[in-house]
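Please look over the structure shown here. The report below is written for a first visit.

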Amino acid sequence: AEKLLNEGEKLSAIGQIAASIAHEVKNPLTTVKGFLQLLKESRPHSYLDIMETELEKAFNTLQNLLQVSKPDLDDEPFVPIDICKELASLLFLFQGRLYNVEIEMDAIDSKRLIIGKRNLLLKALFNLIKNALEAVEDKGKIKIEHYFDEGYIHIKVSDTGVGIPEEQLKQLGNPFFSTKNEGTGLGLTQVFATIREHRGTISVQSIVGKGTTFHIKLPLN
Ligand code: ADP
Ligand code: MG
């Protein structure tokens with residue numbers, strides 16, 4: 001099954017509400033965290049450590065939520081980016097996690113630049129590769145390809161993982177849609193928001209049990 005993914009405003013109402021809730025919840029949590037640290041100094045206890053770990057998780061979720069829901073408020077500048085070079089260095093981040101996964105990336109063959117928000121774009125690519133890794137469960141193949149075509153760069157991230165059932169394709173990118181135990185369901189939300197902000201498109205092709213390909217198209221400078 002194949003589906004063009006950014007036709008709808010995935011991050012509309014719910015995303016904006018989520019962002020303002022995240023913001024409001026963060027302040028009291030920060031206060032609690034501060035007092036928890038004081039408490040730990042005076043009476044160390046393993047329960048307090050557990051509380052701190054759990055608070056940390058809540059903070060991470062809120063942080064992710066704030067990042068993906070407010071791409072417009074993020075004032076990162078648009079700069080020229082050699083996306084192939086960036087992709088190559090991004091792969092280093094995953095080296096410790098590769099185990100039996102084979103990652104293949106095609107040759108860096110061009111110096112054509114896109115104008116974009118570097119951190120947002122890298123985070124989006126990171127999120128796609130992370131999903132691919134989780135889909136192959138440490139044994140399989142991930143392929144990253146790119147090519148140029150009429151003012152666009154195309155980037156394809158393919159994996160030989162579990163695949164996505166047809167009926168779930170339309171839910172991809174909805175904030176909090178996740179089929180994983182520890183998933184946030186915010187990765188693809190960030191990807192879609194970023195691609196949209198860069199006036200690109202993203203589509204997915206997937207066969208259950210065989211694998212998935214995400215295909216991104218971004219305008220060149
Ligand atoms: P999370 O990874 O936290 O679950 P994402 O937004 O990154 O959230 O992904 C949402 C869901 O989309 C995943 O839980 C999974 O069901 C599905 N998905 C995304 N990428 C892939 C992939 N490469 N292979 C299989 N399923 C995927
Ligand atoms: Mg993910």
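**Layout**

This is a predicted model, in which local features need pLDDT of at least 70, side-chain atom pairs count only at pLDDT 80 or more, and totals for chains, interfaces and linings use all residues. Residues are numbered from 1 along each chain as its sequence is written, while chains are lettered from A and ligands numbered from 1 in the order in which they are written.

The protein has six helices and eight strands. Helices (H or I, at least four residues) and strands (E, at least two) are DSSP runs, numbered from the N terminus. Along the sequence the pattern reads β-α-α-β-α-β-β-α-β-β-α-α-β-β. Of the 221 residues, 25% count as buried. Buried means that 20 or more other C-beta atoms, placed from the backbone, lie within 10 Å of the residue's own. Two residues are in contact if their C-beta atoms, placed from the backbone, lie within 7 Å. Among contacts with a separation of 6 or more, 74% join residues 24 or more positions apart.

**Helix H4**

H4 spans residues 118-136. The helix has 19 residues and reaches 27 Å from its first C-alpha to its last. That is close to the 27 Å expected at 1.5 Å a residue, the expected span being 1.5 Å times one less than the number of residues. Its buried residues include Leu 121, Leu 125, Leu 128 and Ala 132. An α-helix has 3.6 residues a turn, so residues three or four places apart point the same way. Just after H4, Glu 137 takes a positive phi of about 50 degrees.

**Core**

The largest nonpolar core has 27 residues. Such a core is a set of buried Ala, Val, Leu, Ile, Met, Phe, Trp, Tyr and Cys residues joined through C-beta atoms within 7 Å. Ala 124, Leu 128, Ile 129, Ala 132, Val 157 and Val 191 have the most contacts inside this core. H3, H4, E5, E6, H6 and E8 each supply at least two of its residues. The largest share, nine residues, comes from H4. Leaving aside neighbours within four places in sequence, Leu 128 is in contact with Val 157, Val 191 and Phe 214.

**Strands**

Strands pair if DSSP finds at least two bridges between them.

| Strand pair | Bridges | Facing residues |
|---|---|---|
| E5 and E6 | eight | Tyr 147 and His 154 |
| E6 and E8 | eight | Asp 159 and Thr 212 |
| E7 and E8 | seven | Thr 201 and Lys 217 |

E5 and E6 form a hairpin with two residues between them. Glu 150 in that turn has a positive phi of about 45 degrees. E7 and E8 also form a hairpin, with three residues between them. There, Gly 209 in the turn has a positive phi of about 85 degrees.

E6 has two faces. Ile 153, Ile 155, Val 157 and Asp 159 make up the covered one. Tyr 152, His 154, Lys 156 and Ser 158 make up the uncovered one. In a regular strand the side chains alternate between the two faces of the sheet.

**Ligand 1**

Which residues come nearest to ligand 1? Of the 22 around it, they are Asn 131, Ala 135, Ser 178, Gly 183 and Gly 187. A residue is near a molecule if its C-beta atom, placed from the backbone, lies within 6 Å of it. H4 and H6 each supply at least two residues of this shell. H4 gives the largest share, four residues.

Definitions and conventions. A residue is buried if 20 or more other C-beta atoms lie within 10 Å of its own, exposed if 12 or fewer, and partly exposed in between; C-beta atoms are placed from the backbone.
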